[in-house]
Each structure stands twice: as structure tokens, then as C-alpha cells.
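Here's a quick briefing to read alongside the model. Have the viewer open and follow along, topic by topic.

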Amino acid sequence: MIPGSINWFKYAAPPRLYALAGMVLPWFAALAGLLTLAGLVIGLVIAPTDAQQGEAYRIIFVHVPAAWMSMLIYLAMAFWAGIGLVFNARSAAMLALALAPTGALMTFIALWTGALWGKPTWGAWWVWDARLTSELILLFLYIGFMSLHAAIDDARRADRAAGLLALVGVVNVPIIYFSVKWWNTLHQGASVSLIKAPSMAAPMLTGMLVMALAFWMYCLAVAAMRLRVILLERDAQAAWVKQALGKLPAVAR
Amino acid sequence: MNGQVPTAATVLSAWDGMRCLFTRDLRLALRRRSDTFAALFFFVIVVSLFPLGIGPEPQLLRRMAAGVVWVAALLAAMLSLTRLFADDHQDGTLEQLLLSAAPLPLLVLAKMAAHWLVSGLLLALISPLLALQFDLPLEAVGVLLLSLLLGTPLLSLIGGIGAALTVGLRGGGVLLSLLVLPLYVPVIIFGSGAVEASVAKLGVTGHFSLLGAMLAVSLVLAPVAAAAALRISVE
């Protein structure tokens, strides 16, 4: 290799990826714990009560980060699925698979906390508003991805079929989003925008951003953990797994 | 296939392959008439069940007509889509198609077109009758028919991707609905939205333009995606 150039495929090798995931996992997990603690203190103790929505607004410290992650993880999943298809890279497809359940969980949390917020604020657990509906459809897309993967016995074939579905889904997500948006909109406008100054008190915004980082770290940690399990499972017959597992009892105890 | 099949010496062009496959699928559908009509009757029965479940108030039915017809059309499409590639997969024809010299996306497009002709088109043609049962105004009936004519090809195109992904899987039918129904959301929104806009005396061109745009995009992308899916499914 030419010195200075990057070997993009270095971590495509399962043993290296396994080691990398194991190395970053404790950092992500610790950061997730610390940031959650800090975010909750800011959100529940320091942030003032909202003038209009009272205490109920505090759900945003969970709701908004979960909703962000739900969309971001779908993009990341589709990206890695696409890499897996284009370069026929096993590890990338496994990473996509590792992201899917976390993405579905984030979508579910966003919907659930949205319902908890909607009841006191809108007076209804559920309204057929654009963002709720597209989030629900996103949940269906995640479920479709995981079900298709689970239905195919051959792991490599399952990777590629589910990867193609993720790519079809990612082309459709903006179409679905805009169609649902034009269909009906009742949701309050976005409070945080990249273009204009946020219409939100500073501690609230800080709390939300800290929580968003915490969610980010949590998702990375859990995805790394799941990726390690998938790698071990897929390569169960390989020498590197036996080596890795052979060392495990000494480390685990 | 009868005498239209070229001899080994002639080279099968893409167009010949498409025409051949298209007429073959149509002929198969005509020979298995009960299968073809089963989906159609399913559509009629589902639509007819709604007034029984909800009540006969004309006001209510008129509001719901477009949505009910569209939901039933989606479900009926699911029913027939499971067999889009399944029969060919079972008797080995599908493998021959994959080996064919003609570009696979075009062959897939021919199959989708044949599927639309014996499912979506029939549904669209019978829909005015059902719309009258729901007491839709005559103008809205025309809009419903047009929206179905524009929208049902999308069901065959997008659904074809799902059918290709699930070919040969156990429980393929349920899985197919799970994969494809979320992707149908924009179609049903603009399809039934057109009718509602027509009832409310708003313009319907916007809805039709969007349906047409989606049709144009899917016409190009869906056969390619479905062909890739077939190659993954049949290895």
C-alpha cells in the first residue's frame, strides 16, 4: 500500500470489525450513560416550565431525539445496505442488520412518547397528522426489512434481499413524507430549524441537544453490541471466532 | 407458447422477448379464468362489505366511497401479486428468463404489464358500478375511474418488486403485504384524494399530475429493482 492512502476495506474483514466494535463499545456506552444523566438533569430540573404546555412538554427530551434517530438510522441502514450490495461486502450488510432493530425501537419510542404528549396537549392519543403518519409508515418499513431478512434462511441471500428493500424504501421515504404532508397537517411547526434562530428557551434547547447526543451514543453502542453478536453467529465455524471465544471465559470472569 | 417462439437460429430481440412473454402471460390468465376473476370478485365483495359494516347513510357512504374502493383495490392487488412470479418459479420458467439474452428488466416490465391488464385494469373498469352503489356524483365517478387507471399500474409496478423479493419464500403472501402496502401509501393518498377534490369542486389536475409523475418514475425504476430482486431470489 502507498503510505498515506487509506485502506477503505480494512474493517470489512469480520475479525477486525469485531475488534473495532469491541473497542469502541465501552466508550459509546459510557458516553450514553453520562449524557443521559446530564440531559435528564437539564431537562427535568433546570429547564423551566413551558408557559403554554406546562410540564407535559418535557417529553420532548425523549421524543425529539428518538424521532431524529429513527429517521437517521433508516438512512444509515440503507447506506450500509447499499454498500453491502455494491461491494458485495458481508460486514456492511451485517451492520445494516444490526441497525434495524434499534431504528425500529426509536420509531416506536417516538410514536409512544408522541401519544403521551398528544393526550394532554391535543386531547387525543393519536391524530392523523403528517409527521405521526409518516413515522408510523417508517415503523412498517423497519418491520418489513426485518421480516424479509428473517424469512430467508440463507444469510447472504437475506442480506441482499433486505438490502434491496432498504434501498427501495429510502427512495420512497421522501415521497411518502411529502404525500402524507400534503394529505393533512395539524402538527405544530418545527421548533428547531437550521435556518432561523430556535424559538425555544436556552436550557430546553441544551437539554434536548444533550439528550440527542445521548441517544446517538446509545444507538451506536447497541448497534456495535448487536454487530458483534451477528459477526460471531455468521462466522461461527471460522478460526477467528473460536480464537475470540476461546479467550472469552478468562476475560468474562 | 405456440408457433411464435423463434427457432434456435434466430436471435431473440428484447422486443420479441417482451411481446412473447406478454402474450403468454395474458393467455395463461385467460386459461385460468377463475383465478383472474377471483381477485375481481374479492374486490367487489370487500367494497360491498363496507356499507354493511358502517351503515347505509348515503351521506357517509359518499364521503367514504373513494377510500373504500382504493383500499379494496390495494388488497385485491396483493392477492394477485403473490402469483406474479411464483408459478414461473415453480416450473422453472423463471430461471430460463434469468438466463435469457433479452434484458431482464424489460422482461419483468412485460410481465408487470400483463399483470396490470388482467388485474388493475379490470378493477378500474368495474369501479364505476361500485361507485354508483355508494351514490357518488357522476363527475366523481369519472375521476375515480381515471385515478384507478393511472394508479393501478403503480400497484403492479411497485408490487412487482415485493413479489420478486418474496418469490419462493414460505409465507410469501403475508410477507409481500408487509413489504409493499407501506409503499402504496402515496398512491392511495393521491388516488382517493383526486376523487375527494372533485367532490369538493377543487381542481383534480394536481393529484393526477402527481400520480402520473409517480407512474413515470416507477415505470423506469421498478422493473430494474424487480429484476435485481429476482436475481437475488433465484441464485
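**Two loop residues to start with**

B:K201 has 8 C-beta neighbours inside 10 Å, so B:K201 counts as exposed. Keep in mind that what you're looking at is a predicted model. B:K201 sits in the loop between α10 (185-199) and α11 (205-233) of chain B, and it has a positive phi, near 65°, despite being a residue other than glycine.

- A:N88 isn't a glycine either, yet its phi is positive, at about 50°.
- To find A:N88, go to the loop between α2 (60-86) and α3 (90-122) of chain A.
- A:N88 has 12 C-beta neighbours inside 10 Å; the cut-off for exposed is 12 or fewer, so A:N88 counts as exposed.

**Chain A at a glance**

- You'll find seven helices and zero strands in chain A.
- Walk along the sequence and the pattern reads α-α-α-α-α-α-α.
- Chain A has 253 residues, and 40% of them count as buried.
- Take the contacts in chain A between residues at least 6 apart in sequence: 77% of those join residues at least 24 apart.

**Chain B at a glance**

- Chain B has eleven helices and, again, zero strands.
- Starting at the N terminus, its elements run α-α-α-α-α-α-α-α-α-α-α.
- Of the 235 residues in chain B, 47% are buried.
- For contacts in chain B with a separation of 6 or more, 78% are accounted for by residues 24 or more positions apart.
- The C-alpha trace of chain B spans about 65 × 30 × 30 Å along its principal axes.
- A compact globule with 235 residues would have a radius of gyration near 18 Å, and chain B, at 19 Å, agrees with that.

**How α1 and α6 of chain B pack**

- Two packed helices are described by the angle between their axes and the distance between the axes.
- Here the pair is helix α1 (residues 14-31) and helix α6 (residues 104-118) of chain B, with an angle of about 30° and axes 8 Å apart.
- Angles under 35 degrees count as roughly parallel, so α1(B) and α6(B) are roughly parallel to each other.
- The crossing of α1(B) past α6(B) is right-handed.
- Which residues of α1(B) meet α6(B)? On the α1(B) side they are B:A14, B:G17, B:M18, B:L21, B:F22, B:D25, B:L26 and B:A29.
- Their counterparts in α6(B) are B:L106, B:L107, B:A110, B:K111, B:A113, B:A114, B:L117 and B:V118.

**Where the two chains meet**

- Between the chains, 21 residues of chain A are in contact with 20 residues of chain B.
- On the side of chain A that touches chain B, α4 (130-151) and α5 (155-183) each supply at least two residues.
- Which helix gives the most to that side of chain A? That's α5(A), with twelve residues.
- By class, the chain A residues on this side are 15 nonpolar, four polar and two charged.

Methods. Residues numbered from 1 in each chain as written. Chains lettered and ligands numbered in written order. Predicted model: local features only at pLDDT ≥ 70, side-chain atom pairs only at ≥ 80, totals over all residues. Contact = placed C-beta atoms within 7 Å. Helix = DSSP H or I, 4+ residues; strand = E, 2+ residues; numbered from the N terminus. Nonpolar A, V, L, I, M, F, W, Y, C, P; charged D, E, K, R; others polar. Axes fitted to C-alpha atoms, helices over the stretch in contact; angles between N-to-C directions. Parallel < 35°, antiparallel > 145°, perpendicular 65-115°, else oblique. Left-handed = near helix turned anticlockwise from the far one by under 90°. Buried ≥ 20, exposed ≤ 12 C-beta atoms within 10 Å, placed from the backbone. Rg over C-alpha atoms; globule rule 2.2 N^0.38 Å.
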